[in-house]
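Please look over the sequence and the model, then read the points below by topic.

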Amino acid sequence: MSKENNPAANPEHKAIIDALGQCPGGYFAAMLVAEHVLRDVDAKKAIRIQQKLGNKKLLSTIFVELGLLTENEQRRLIRKHGKSFRIGELICELGYISLEQLQQAEQKLSTSPGQRMGEVIRQLGLIDDRQLAQALSEQLSLPLIHVDIDTADHKLLRQFPSKFMRMHLTVPYEASETKVSIATANPLNNSAIEEIERQLKKKAVVSIAAESAILSMLGKLEAVDGKGEPSDQVSEVVDSILLAAIREGASDIHVEPMDLNTRIRLRLDGVLIHKMDLPQELAQRVTARIKVLAEMDISDSRRHQDGRFSREVGHICADYRVSTYVTIYGENMVMRVLRSSGGLKNLEQISMSRALLERFKHEALDVPTGVILITGPTGSGKTTTLYAAIDYLNRSTTKIITVEDPVEYIVPGIIQCSVDKIAGRTFDESLKAVVRQDPDIIVMGEVRDKKSAQVAVQAALTGHKVLTTFHTEDSIGGLLRLIDMGIETFLISSTVVSILAQRLIRTICPDCRQAYMPNKRIANLIGVDDTTLRNHTFYRGTGCGTCYGTGYHGRTALHELLVINEDVREALLERKTSQEVRQISCNSTDLLSLMEDGMYKVLQGFTTVEEVYRIAPRSPSHRSVEEIYQLMGHEA
């Protein structure tokens, strides 16, 4: 083993780890360097910056700001090493308190022997009991749940004195033949858990719950005399569902009425994960509560409805777009989660290969006039790419004005308009008004019909640059759909500069990543030939707690960039078929398909052949691996 990889044989490396451990909030940073996630030189730089800032910022935050660590990597590593953290530093790393507040709590703890750090932080008013429960859940790798009298087994609860459960902040709420489910706000050294196991002669399955939820549940249990009804705590259930979605990074929340109960599922990395079930009566009140928040008609459950609301949960403000759909069992509800912060990315962060990124910048975005289309199905990351392009074009000498429904991210320095039908600001009216505002660049949230397509084309003809999104399968499909909308081919060929098609694809979970041999037939179908299959190492995730057993954690984007040239324009004017236009584009513009970008990302170890086959539109590659590497700007 080399000295660089062996801390014991590298005194300087060990000294840096020791120095990090002595820095304020330096435990996590020391762990990252010890595991060679970050280099010694990066650690030295971060220490110098922290000292210049007066020890007021976490080293891990500095690593993120320097681009040495992404927020997703930071969160994953915190979760992975949760049990190794002291609770105070974990609460700080989770962003619930600042480094200064942690130091304040440490000082108070030193004068309060016998107290626990979590309780000290809470007593100082720096966090609430729900945030403490969240931190304990992360630290101990125990699930965080919401307990309520409506979903608990009353008969089971009454087997234990209320005083006993209050004293230990622990309640058994459900039992099977061999196991008892226990919720506790005090998971460490808890004798109550052992006592419940002993009395019931069942093995405990422990979850973390907020102290206020447990006390509220016990208060309602005490208030029930066998005939009365417990008080309503539906808002707590709603908040717990929203908190779970924010915490897990879900894009959508599904509330689905079934025959016997209502299922709650979250869409994580594009796939639905079952989180919990609610009894029908409670679920109906949860649905009603969300409809009230979204300003929907609560009295009408026979009509499909749409709404929207904003709410801060866990110190993260998010917008929720709500849609109900009437089914045979009641109203099916889907909430799209739109985070108000943390979603805006620059072009370098959208996972585009180096050569493709340079072409997109210089051959599309830097062109002075014309229409730039970003296409893909719902949930493919079009809006993220659109805002990244706006960020690239945003300069003090340029006026950018948008028409959006709704505005999803606030971008300083540009003029943004959100459609509001009630106020008379319809999409069509806003499009008419925007061209009279002397814009250099017009951003349309979406081309939704012939009228909006005509506005985009006319604006480009009058010397404007237009950026917009479009729902099509691939880049060639974007051109053909414009023709299908009735836009003349000569207008399309003279105004459309480029079309960027994209998909989001799941990446392999880093915590359970292992080498494997993929299915030969599927590998061949996405363009991986037998020689590459034999000579290359492929990876997949085997499934773990981080990825909920799926083998995937996080997503990256696949891109297909078509830059219109004279050959493609001529093919459009001659109304050639989509297959002919694609072939001409591949030959004359070096068009790389979504499937080819997927194959490239498989060979780079980001994802699996099965995932590319599942996501990417079928467009068999006739290029060799070497050609694809060259077009991606990567040497094989």
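Arg618 lies over the face of Tyr613, at 4.0 Å from the ring centre. The charged end of Arg395 sits over the ring of Tyr392, 5.7 Å from its centre. The model is a predicted one.

**Aromatic pairs**
- The structure contains 5 aromatic pairs.
- One of them joins Phe28 and Phe85, with ring centres 5.4 Å apart and planes at 45 degrees, so the pair is tilted.
- Because Phe28 is in helix α2 and Phe85 is in the loop between α5 and α6, this pair ties together parts that are 57 residues apart in sequence.
- Both Phe28 and Phe85 are buried.
- In the pair of Tyr600 and Tyr629 the ring centres are 5.4 Å apart and the planes stand at 75 degrees, so the pair is edge-to-face.
- Tyr600 belongs to helix α26 (residues 594–603) and Tyr629 to helix α28 (residues 625–631), so that distant parts of the chain, 29 residues apart, are linked.
- Tyr600 has a relative accessible area of 9% and is buried; Tyr629, at 7%, also counts as buried.
- Tyr27, Phe28 and Phe85 make up one aromatic cluster.

**Nonpolar cores**
- The largest nonpolar core has 70 residues, and Leu20, Leu59 and Ile91 touch the most other members.
- Helix α2 gives the most to this core, with 6 residues.
- A second, separate core has 36 residues, among them Ile401, Val496, Ile499 and Ala571.
- Beyond four places in sequence, Leu20 touches residues including Ala29, Val33, Ile47 and Leu59.

**Helices α4 and α5**
- Gln74, Arg76, Leu77 and Ile78 are buried in helix α5 (residues 71–80).
- The buried residues of α5 pack against α2, α4 (59–65), α6 (87–93) and β18 (552–563).
- Ser60 is part of helix α4 and counts as buried because its relative accessibility is 1%, where buried means under 20%.
- Apart from neighbours within four places in sequence, Ser60 is in contact with Phe28, Gln74 and Glu93.

**The loop at Pro24**
- Pro24 lies in the loop between α1 (11–22) and α2 (27–34).
- Not counting residues up to four places away in sequence, Pro24 touches Gln50, Asn55, Leu99 and Gln103.
- Pro24 and Leu59 are 35 residues apart along the chain, and their C-alpha atoms are separated by 8.3 Å.

**Strand β3**
- Ser207 is found in strand β3 (residues 203–208) and is buried, with a relative accessible area of 5%.
- Leaving aside neighbours within four places in sequence, the contacts of Ser207 include Pro143, Tyr173 and Thr184.

Key. Residues numbered from 1 in each chain as written. Predicted model: local features only at pLDDT ≥ 70, side-chain atom pairs only at ≥ 80, totals over all residues. Heavy atoms only, no water. Helix = DSSP H or I, 4+ residues; strand = E, 2+ residues; numbered from the N terminus. Buried < 20%, exposed > 50% of the residue type's maximum accessible area, 1.4 Å probe, protein only. Contact = heavy atoms within 4.5 Å. Core = buried A, V, L, I, M, F, W, Y, C linked by side-chain atoms within 4.5 Å. Phe/Tyr/Trp six-rings, centres within 6.5 Å; stacked < 30°, edge-to-face > 60°. Lys NZ or Arg CZ within 6 Å of the ring centre and 35° of its normal.
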